[in-house]
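This report looks at how charged side chains pair up in a protein chain, and then at the chain as a whole. Please keep the sequence and the model in view while reading.

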Amino acid sequence: MVGLKDKYKDYFKIGAAVNVNTIVSHADLIKEHFNSITCENETKFINLQGEKGKFNFSPADKIVQFGRVNNLAMRGHVFAWHNQSPDWLFENTNREEMLERTREHIRIVGQRYNKDFYCWDAVNEAIEDKTDSFYRQSPWVRIIGEDFADYVFRYAKEILPDTDLYYNDYNESIPTKRDKIYEYVKGMLDRGVPVDGIGMQCHWSIYYPSTDLIKQAIEKYAGLGLKIQITEMDISMFAHDDNSVYKKPTEQMIELQANAYQEVFAIFREYKDIIDNVTLWGVADDCTWLDYFPVFNRKNWPLLFDENHQPKEALLRIMDF
Ligand code: GLA
């Protein structure tokens, strides 16, 4: 069969989140269908610098090596996030000191992988989901202030002048949050902060969001004149508040999912001039974070290849155009 990445070669890169295990267990699928990878965890702050000043590059290096050998584009993920950051980063510190810690982390990581990652998610999830407030009340905001992202982007650009820097977030298609993300990034651009693009995570379900909401979000972000990437896409078989358990997906779920993938990929193709990369948050249904979240150990089937690494109906649909 033609590789997904080859089918989409005139549209955008097709990426997958990978880890040190899946670059072995899923190597054939990755090489056949994907031309971009993101480290699922290995380049997060806690994984790289769990202890102050002690960097552990070995898992990330393995993935980067796999990417180099197989000629894959690589997305860096992520410099500043409230999750998967070590406690020491936020302890016994103040604005100046934490800015310095952040700058130093970005300097060391950025220099090491300077030629490898063609873009980085500089800042992840700074916006609050609840409608009554704007900023997520994270340690970044508490210690540095609401302008912390300005510094993260500037520090990253200093070290990586040729690398595209993204602001990345989820619930990116829900109007209230979408508009806050827009305002946030627009504010940075107005202040001359070097933001190159918006990462739409796209952790969706077979029920939500609608194609209208997705289009409106892309249009809105495109209005900033920035690139857009789909950075973490998966389509869960369950609505976000549904705790049911199934041994295998029903025919109806499979159809809804195939249809959802088909419709959204058709939208992505329409916006190929601004969408640079569409990355799935995993390779096949045997390895997905959604088996543990929001219900622990509840099987989910959110990706394009099944548990036996075979193409799903969703894959066939997005190849059919
Ligand atoms: C967030 C992060 C990702 C990953 C996913 C799900 O969206 O950006 O790194 O952790 O959650 O696991």
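## A network of charges

Asp129, Asp169 and Lys177 are linked in a network of salt bridges, where a salt bridge is a side-chain nitrogen of Lys or Arg within 4 Å of a carboxyl oxygen of Asp or Glu. Side chains of opposite charge can pair when their charged atoms come close.

This is a predicted model, in which local features need pLDDT of at least 70 and side-chain atom pairs count only at pLDDT 80 or more, while totals for chains, interfaces and linings use all residues. Residues are numbered from 1 along each chain as its sequence is written, and side-chain values use heavy atoms, with hydrogens and water left out.

## Individual salt bridges

The structure holds 26 salt bridges, and one of them joins the side chains of Lys13 and Asp276, with 3.3 Å from N to O. Lys13 belongs to strand 1 (residues 13-18) and Asp276 to strand 9 (residues 275-280), so this pair ties together parts that are 263 residues apart in sequence. Lys13 itself is partly exposed, with a relative accessible area of 23%; here buried means under 20% relative accessible area, exposed means over 50%, and partly exposed lies in between, using a 1.4 Å probe and protein chains only.

Another salt bridge brings together the side chains of Asp179 and Arg178, at 2.9 Å from N to O. Asp179 is partly exposed at a relative accessible area of 28%, whereas Arg178 counts as buried at 11%. In the salt bridge between Asp273 and Lys272, the N to O distance is 3.8 Å; Asp273 counts as exposed at 73% relative accessibility, and Lys272 as partly exposed at 34%.

## The chain as a whole

The protein chain contains 13 helices and nine strands, which are DSSP runs numbered from the N terminus (helices: H or I, at least four residues; strands: E, at least two). Of its 321 residues, 56% count as buried. Where contacts have a separation of 6 or more, residues 24 or more positions apart account for 76% of them, a contact meaning heavy atoms within 4.5 Å.

The C-alpha atoms fill a box of roughly 55 × 45 × 40 Å, taken along the principal axes. How many positive and negative side chains does the protein chain have? There are 38 positive and 51 negative ones, and the centres of the two sets lie 3 Å apart; Lys and Arg count as positive and Asp and Glu as negative, while His and the chain ends are not counted, and each charge is placed at NZ of Lys, CZ of Arg, CG of Asp or CD of Glu.
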